[in-house]
Amino acid sequence: MFLVKLTIFIILSFVLIRIAKQSMKSKRIPKLQVQKKLQEDGWTCLAHTYYGKSWMAVYKKLIQKRVVLVNENQLTFDDLRKAVIMALLSNIHQVDLYCDQITPHAKKALRLLSKYQKLHGIKLVTRELVRC
């Protein structure tokens with residue numbers, strides 16, 4: 001009887017440890033953090049794509065839409081260009097950029113896009129990734 005209880009205890013311990021490791025791993029992935037935060041705020045994902053170290057998605061909440069770009073490394077000009085093109089083609093007025101660092105070309109493009117915001121109507125919001 002004692003051997004059966006001990007075996008069940010060991011099996012349950014391994015299962016719980018594996019579940020805990022899985023949840024800690026998902027907290028470290030920036031894409032999953034952003035997805036979870038947006039879903040808690042009531043946003044629904046309409047479309048998404050994942051290329052290289054970047055993840056881009058279109059989110060909708062009632063009548064509002066936004067493009068979300070999560071970049072795990074540096075935000076490059078090419079990533080920014082793709083997010084802005086996606087926003088223009090989808091008629092979206094807000095782009096959220098989550099990144100750790102921004103390259104000089106992307107920084108200049110962000111400055112120019114923010115300067116001419118009245119012309120194209122896209123608001124660019126840059127946020128830092130929170131690492132656990």
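Let me start with two helices. The axes of H3 and H4 come within 8 Å of each other, and they cross at roughly 35 degrees. Who makes the contact? From H3 come Phe77, Leu80 and Val84. From H4 come His105, Ala106, Ala109, Leu110 and Leu113. Sorted by class, that contact has seven nonpolar residues, one polar residue and no charged ones. Please keep in mind that this is a predicted model.

Now to H4 itself. Helix H4 covers residues 104-115, twelve residues in total. From first C-alpha to last, H4 reaches 17 Å, close to the expected 16 Å. Which residues of H4 are buried? They are Ala106, Ala109 and Leu110. Looking down the axis of H4, these buried residues fall within an arc of 105 degrees, so they line one face of the helix. There is a general point behind this. An α-helix has 3.6 residues a turn, so residues three or four places apart point the same way.

What do the buried residues of H4 pack against? Helix H3 (77-90) is one of the partners. The others are strands: E4 (74-75), E5 (94-99), E6 (101-102) and E7 (123-128).

Next, the salt bridges. How many are there? The count comes to five. The general idea is simple. Side chains of opposite charge can pair when their charged atoms come close. I will take three of the pairs.

Aspartate 78 and arginine 81 meet in a salt bridge, 2.3 Å from N to O. Both lie in helix H3, three residues apart, which is about one turn of the helix. Aspartate 78 is partly exposed, at 32% relative accessibility. Arginine 81 is partly exposed too, with a relative accessible area of 39%.

Salt bridges can also share partners. Here, shared partners join Arg66, Asp96 and Arg127 into one network. One of the links is between aspartate 96 and arginine 66, with the closest N and O atoms 2.9 Å apart. This pair links distant parts of the chain. Aspartate 96 is in strand E5, arginine 66 is in strand E3 (residues 64-71), and the two are 30 residues apart. Are they buried or exposed? Aspartate 96 is buried, and so is arginine 66.

My last pair is lysine 37 with aspartate 41. Their closest N and O atoms are 3.6 Å apart in the salt bridge. Lysine 37 has a relative accessible area of 45%, so it is partly exposed. Aspartate 41 stands at 38% relative accessibility, and it also counts as partly exposed.

One more residue before I stop: tyrosine 51. Where is it? Tyrosine 51 has its place in strand E1 (residues 44-51). What does tyrosine 51 touch, leaving aside neighbours within four places in sequence? The contacts are Met56, Leu69, Asp79 and Lys82. Lysine 5 is another matter. The C-alpha atoms of tyrosine 51 and lysine 5 are separated by 48 Å, and the two residues are 46 apart along the chain.

To recap in two lines.

Methods: Residues are numbered from 1 along each chain as its sequence is written. This is a predicted model: local features need pLDDT of at least 70, side-chain atom pairs count only at pLDDT 80 or more; totals for chains, interfaces and linings use all residues. Side-chain values use heavy atoms; hydrogens and water are left out. Helices (H or I, at least four residues) and strands (E, at least two) are DSSP runs, numbered from the N terminus. The expected span of a helix is 1.5 Å times one less than its number of residues. Buried means under 20% relative accessible area, exposed over 50%, partly exposed in between (1.4 Å probe, protein chains only). The arc is that of the directions from the helix axis to the C-beta atoms. Contact means heavy atoms within 4.5 Å. A salt bridge is a side-chain nitrogen of Lys or Arg within 4 Å of a carboxyl oxygen of Asp or Glu. Axes are lines fitted to C-alpha atoms, for helices over the stretch in contact, and angles run from 0 to 180 degrees between N-to-C directions. Ala, Val, Leu, Ile, Met, Phe, Trp, Tyr, Cys and Pro count as nonpolar, Asp, Glu, Lys and Arg as charged, and the others, Gly among them, as polar.
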